[in-house]
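Please view the sequence and the structure side by side while reading.

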Amino acid sequence: MATIKHSATKQVNRLINYCEKRAGVTSSHNLIADDRKSVQKQIKLTREMFNKTGGVEGHHFIQSFKPGEVSPEKANELGLELVKRMHPKREAVVYTHTDKGHIHNHIILNSPSIEDGKKLSVTRKHYFDWQRQNDAICKENGLSIVTEKKKQINKTLAEYHIMVKGKLPFKTHLRAAIDLTKVKCASFKELQTFLKDPKLDIDSKIQKGHYYFKTKEMTRFISGKQLGNEYTKEVLDQEFIKRQKQNEREFTPRFVTVKDESFTPRFATIEKSKGFTPRFADKRSKSQDLDREL
């Protein structure tokens, strides 16, 4: 269950000093050596070469693993793989620590790229990219990952006042109705049909890439996102896809051609067998048979 934390540093040498002293395993990427003095000297030369000596000197990522899942050597290997995937053109060093009851990596990246000198800026999107890539590496190596917690649905003040009066808030009514009907639907059109049932009487529509809902008491539509993460278009579409696949598995054609050698047609030709006398085979009278015998 590896997790990722990030921070920027303006004193990368001090950070390297701390990480190197406690490291059990050390590796580097795009560096000639991974000992402390060599690393500090080389990354400083890179910053000076591209005139990037001011401001943020480096970035610090902490990659923590679930106790008992990996060895220090394996943890360091996974940290180095993460660096190579995320920043193949940037200098980095990976220090693996075991002094906190759980194995974790300190990954230090030099701010400028060795290719063009462009400094790294870790945005929110970039941070999530690290998390996703970290999860991918963990899955590939049979490690557990942190599952996303469902966002708690908070009630607004207006909903609270409605509940105090003993009535069901509009959003609660919409959530309950969607939860009840979405498991039966393979498309948004089917969901609209179910929600429009007189017992629910809910209007719905799609507009600008979002699903909107409204009860008859409401004056305007609200988006599924306002109801919670589980009611967005993306999540509901995934539910519809699951239902479509389930319907495909359960479907059996009504008229199928059956080839069965044991099958005998109703009006099949029957060969005459011993002792068998067709009912209408001989129309001679009994008197004729008697005359022939005499």
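Leu-82 is in contact (heavy atoms within 4.5 Å) with Ile-4, Gln-63, Ile-107, Trp-130, Gln-133, Asn-134 and Ile-137, leaving aside residues up to four places away in sequence. The model is predicted, so local features need pLDDT of at least 70 and side-chain atom pairs count only at pLDDT 80 or more, while totals for chains, interfaces and linings use all residues. Residues are numbered from 1 along each chain as its sequence is written, and side-chain values use heavy atoms, with hydrogens and water left out. Helices (H or I, at least four residues) and strands (E, at least two) are DSSP runs numbered from the N terminus.

**Nonpolar cores**

- A nonpolar core is a set of buried Ala, Val, Leu, Ile, Met, Phe, Trp, Tyr and Cys residues joined through side-chain atoms within 4.5 Å; buried means under 20% relative accessible area, exposed over 50%, and partly exposed in between, with a 1.4 Å probe and protein chains only.
- The largest nonpolar core has 21 residues, and those touching the most other members are Phe-65, Leu-82, Ile-107, Leu-109 and Trp-130.
- Two or more residues of this core come from each of helix H3 (72–86), strand S4 (90–97), strand S5 and helix H4 (124–140).
- H3 is the biggest contributor to this core, giving six residues.
- Another core lies apart from this one and holds 17 residues, including Ala-177, Tyr-211, Leu-236 and Phe-240.
- In soluble globular proteins, nonpolar side chains tend to be buried together.

**Packing of H3 on H4**

- H3 and H4 pack at about 130°, and their axes are 10 Å apart; axes are lines fitted to C-alpha atoms, for helices over the stretch in contact, and angles run from 0 to 180 degrees between N-to-C directions.
- That angle makes H3 oblique to H4, because angles under 35 degrees count as roughly parallel, over 145 as roughly antiparallel, 65 to 115 as roughly perpendicular and the rest as oblique.
- The crossing of H3 and H4 is right-handed, meaning that the near helix is turned clockwise from the far one by less than a right angle.
- H3 makes the contact through Leu-78, Glu-81, Leu-82, Arg-85 and Met-86, and H4 through His-126, Asp-129, Trp-130, Gln-133, Asn-134, Ile-137 and Glu-140.

**Asn-134**

- Asn-134 sits in helix H4.
- Asn-134 counts as buried because its relative accessibility is 1%.
- With residues up to four places away in sequence set aside, Asn-134 touches Ala-2, Thr-3, Ile-4, Gln-63 and Leu-82.

**Strand S3 and its neighbours**

- Six of the seven residues of strand S3 (58–64) are buried, which leaves the strand mostly covered.
- Two strands pair if DSSP finds at least two bridges between them; strand S1 (3–9) and S3 run antiparallel and are joined by seven bridges.
- S3 also pairs with strand S5 (104–113), antiparallel and over seven bridges.
- His-59 of S3 faces Ala-8, and His-59 also stands opposite Leu-109 in S5.

**The sheet S6-S7-S8**

- Three strands in the order S6-S7-S8 form an open sheet with antiparallel pairing.
- Strand S6 (202–207) and strand S8 (222–223) are the edge strands, each pairing on one side only.
- Six bridges link S6 and S7 in the antiparallel sense, with Ile-206 partnered by Tyr-211 in S7.
- The hairpin of S6 and S7 has two residues between the strands, and Lys-208 there has a positive phi near 55°.
- Strand S7 (210–215) is joined to S8 by two antiparallel bridges; Phe-213 stands opposite Ile-222, and Tyr-212 opposite Ser-223.
- The hairpin from S7 to S8 runs through six residues.
- S7 is largely enclosed by the rest of the structure, because five of its six residues are buried.
- Helix H6 (170–182) lies across S6, S7 and S8 and runs at about 115° to S7.
- Helix H7 (188–195) packs on the sheet and touches S6 and S7, its direction making about 160° with that of S6.

**Positive phi in loops**

- Asn-30, in the loop between strand S2 (25–29) and helix H2 (36–49), has a positive phi near 65° although it is not glycine.
- Asn-30 is partly exposed, at 30% relative accessibility.
- Asn-51, in the loop between H2 and S3, likewise is not glycine and has a positive phi, near 55°.
- Asn-51 is exposed, with a relative accessible area of 64%.
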